[in-house]
Amino acid sequence: RNIDNPIVKVFPDEFDSQFCSDPKVYRDGDHWIMFYFGLGKEGKASIMVAHSQDLLHWTKDKEPLYQAGGHPQGLDQQHAHKTSLVYNASNKTFYLYYCAVGSKGRGVGLVTSKTLDTVSSAVESDRSTKR
């Protein structure tokens with residue numbers, strides 16, 4: 001066990017103030033990126049991101065990569081969590097699948113992006129591909 005556990009800590013008034021869970025870690029060029037979900041004080045789970053150079057020390061983004069309630073039709077009104085990331089080399093696009101809980105019940109949501117490091121492009125791309 002790592003003596004510095006937990007390596008991603010929760011703090012009051014953040015989007016993961018209650019807990020963080022289900023980390024998925026990927027290599028991104030010269031560093032590592034972790035997708036996880038955080039449960040905030042409002043009881044909503046959002047997709048969070050942390051970065052590391054050595055897999056031991058992590059710096060988390062203060063804002064979610066994708067905040068619960070981001071889908072315009074309520075698909076993920078309550079939760080956006082438990083991610084799976086796939087890269088399609090043929091169109092140079094990342095596909096971030098996530099469990100969605102909202103007004104339509106439970107389902108799988110999708111956020112797409114050309115890069116891993118640009119949060120706004122992932123969210124904007126997601127909004128532009130909704131049907």
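**View 1. Ser 46 sits in strand E3.** Strand E3 covers residues 45–52 and holds Ser 46; strands (E, at least two residues) and helices (H or I, at least four) are DSSP runs, numbered from the N terminus. This is a predicted model, in which local features need pLDDT of at least 70, side-chain atom pairs count only at pLDDT 80 or more, and totals for chains, interfaces and linings use all residues. Residues are numbered from 1 along each chain as its sequence is written, and side-chain values use heavy atoms, leaving out hydrogens and water.

**View 2. What surrounds Ser 46?** Leaving aside residues up to four places away in sequence, Ser 46 touches Tyr 36, Phe 37, Gly 38, Pro 64, Tyr 66, Gln 67, Ala 68 and Ala 80; contact here means heavy atoms within 4.5 Å. Ser 46 counts as buried because its relative accessibility is 3%, where buried means under 20% relative accessible area, exposed over 50%, and partly exposed in between (1.4 Å probe, protein chains only). Look also for the side chain of Ser 46, which has a polar atom 2.9 Å from the backbone nitrogen of Ala 68.

**View 3. Val 86 belongs to strand E5.** This strand spans residues 79–88. Val 86 counts as partly exposed because its relative accessible area is 40%.

**View 4. Now step back to the whole protein.** Of the 131 residues in the protein, 40% are buried. Among contacts between residues at least 6 apart in sequence, 36% join residues at least 24 apart.

Conventions
Polar contact = N/O pair within 3.5 Å; in protein donor to acceptor, adjacent residues only side chain to side chain.
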